[in-house]
Amino acid sequence: MERIAIIDFGAQYNQLIARRVREQGVFSELLPPSADVSRIRGERLDGVILSGSPDSVYDAAARRCTEEVFNLGVPVLGICYGMQLMTHMLGGTIGKAPVREYGGAFARLNTARVMCPLFEDMPDSIVWMSHNDMVTSVPEGFLTCAETDDCPNCAMFDPKRRLYGVQFHPEVAHTQYSAQLFKNFTRGICGCGGDWRIEGLIDGIIDEIRKQVGGGTVVAGLSGGVDSSVAAALVSRAVGDRLTCIFVDHGLLRKNEADEVMSFYRENMGLNVIEIDAKDYFLTRLKGVSEPEQKRRIIGDSFVRMFEQEAKKLGGADFLLQGTIYPDVIESGSGGASVIKSHHNVGGLPEKMGFKLVEPLRPFFKDEVRSIGEALGMPPELVWRQPFPGPGLAIRILGEITEDKLNILRESDYVLRDEIKKAGMERKIWQYFTVFTGMRSVGVMGDGRTYDYVIGVRAVVSTDAMTVEFADLPAPLLRKISSRIIAEVPHVNRVVYDITDKPPGTIEWE
Ligand code: XMP
């Protein structure tokens, strides 16, 4: 398998680099800076990318890779901090940029006397910048090959050693011709054929699970969503009936969800699924709690306690299967990036638990998980279900959770889903849901004054939940949604539409 390793120095969007490489048909994954290069050497390696970072190369605690990376004989591309680190380690110099460049900048590409293969078929164009430091002199053997008005060494390369650096961020969609740059690096420079497809990984994933689990038993937390279901389908192929699935109804599900999910599993998946009614347990533990991270930790802990209790009844289990995917890991702060929110299944897990974890989907993005699901022959209704977070409606009610608020949220969400379905837009929108804002406002209904709750409507488009845009829902549809929610859901007199992209917002409100 062709493979490009990304050394992760902790910038928030580093996993997008992996995505861009995979889009070129080459497998790619992030490794910590301490990664043992000889281990990487043991497997096929076609190139290395050094990522961005919040560090500055002159910080005492700045993350570094080993010198060996530059002597592996494979091409290396440094991005932003990666370029600066390459410069610093190979004898060039770094200084503070006179102005902090942030946002789009016009770059003149291919300014060196010889053509830089990284920029083949790329005209001068807008690139995305985000940096405080910059390269002030390139190391020996390197040529400067791009510039912006504020950054004279915007890219560099050493044609002999096949080392490349760009100060801008090609992984960000705002960089024009970014796909061409990744094509040039993976295909042209690293010489990859680009025939990696996610489906080709399935047998390998199943083998890995067998190795990890050995003769042990596994309980799986099934949520009804695509991640946990694909994870369970893979483990079931690996260990057969040594897998027991548990569906926990934590009282934070959407209208009719528990029944629909259970009957779907029974009819379509051939899995052994036990349903647990844990509504009282979760809601009691969440009583009086309004801080989002605390909610997440309580929910993460409560899930594990339920799985432990159920496993005990089954005579014990060695492993807990979770459908954790890559963005859950990154946003929960693993790998050095800062914590955005503790996903219940990563940062929200208790320190002590009676299981080891199996997480076969940890390296993958949602759309890749969907491709695995399709390749496994799973039903399209499941594979294309909109994502629903493990903590459920708890993170869509701002403030304390009560039964009354849950009811209002469920009913309004039901109306929204019904209207999106009728408009035939289910597959076009990544996620759509309502939010209980907790605010009350004055309105007029019939001839009287009302003082009731404000419901937020969120609908976003995305490919991987890492970056999203709010969906351009047609005004007549928005009007229909609003009037139906106000007419059908008691105690709601105002509906607002959330017009925030991610970043700077996140998809969920908490
Ligand atoms: P945010 O709100 O971070 O969400 O933009 C990104 C994606 O992750 C989902 N999400 C979660 N999923 N456990 C989950 O299983 C969690 O704790 C959690 N928090 C957010 C969210 O619905 C969106 O798809």
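Trainee: So how does the shell around the ligand divide into nonpolar, polar and charged residues?

Mentor: Keep in mind that this is a predicted model. The shell splits into 5 nonpolar, 5 polar and 5 charged residues.

Trainee: OK, and which of the 15 residues around the ligand come nearest?

Mentor: Those would be Glu331, Lys341, His344, Lys502 and Glu508.

Trainee: Let's take His344. Which ligand atom does an N or O atom in its side chain lie 2.7 Å from?

Mentor: A nitrogen atom of the ligand. For Lys502, a side-chain N or O atom is 2.7 Å from an oxygen atom of the ligand. Gln431 also has a polar side-chain atom 2.7 Å from a ligand oxygen.

Trainee: And how much of the ligand's accessible area does the protein cover?

Mentor: On its own the ligand has 490 Å² of accessible area, and the protein covers 91% of that.

Trainee: Where does the ligand sit, then?

Mentor: In the largest cavity.

Trainee: Switching topic: where is Leu349 placed?

Mentor: Leu349 is in the loop between α10, residues 326-331, and β14, residues 356-358.

Trainee: What does Leu349 touch, leaving out residues up to four places away in sequence?

Mentor: Val304, Gln322, His344 and Leu357.

Notes
Residues numbered from 1 in each chain as written. Predicted model: local features only at pLDDT ≥ 70, side-chain atom pairs only at ≥ 80, totals over all residues. Heavy atoms only, no water. Near = heavy atom within 4 Å. Polar contact = N/O pair within 3.5 Å; in protein donor to acceptor, adjacent residues only side chain to side chain. Areas by Shrake-Rupley, 256 points an atom, 1.4 Å probe, with all protein chains shown as cover. 1 Å grid on protein atoms, 1.4 Å probe; cavity = no way out; pocket = protein on both sides within 12 Å on 5 of 7 lines; lining within 4 Å. Sits in = over half its atoms within 2 Å of the grid points. Nonpolar A, V, L, I, M, F, W, Y, C, P; charged D, E, K, R; others polar. Helix = DSSP H or I, 4+ residues; strand = E, 2+ residues; numbered from the N terminus. Contact = heavy atoms within 4.5 Å.
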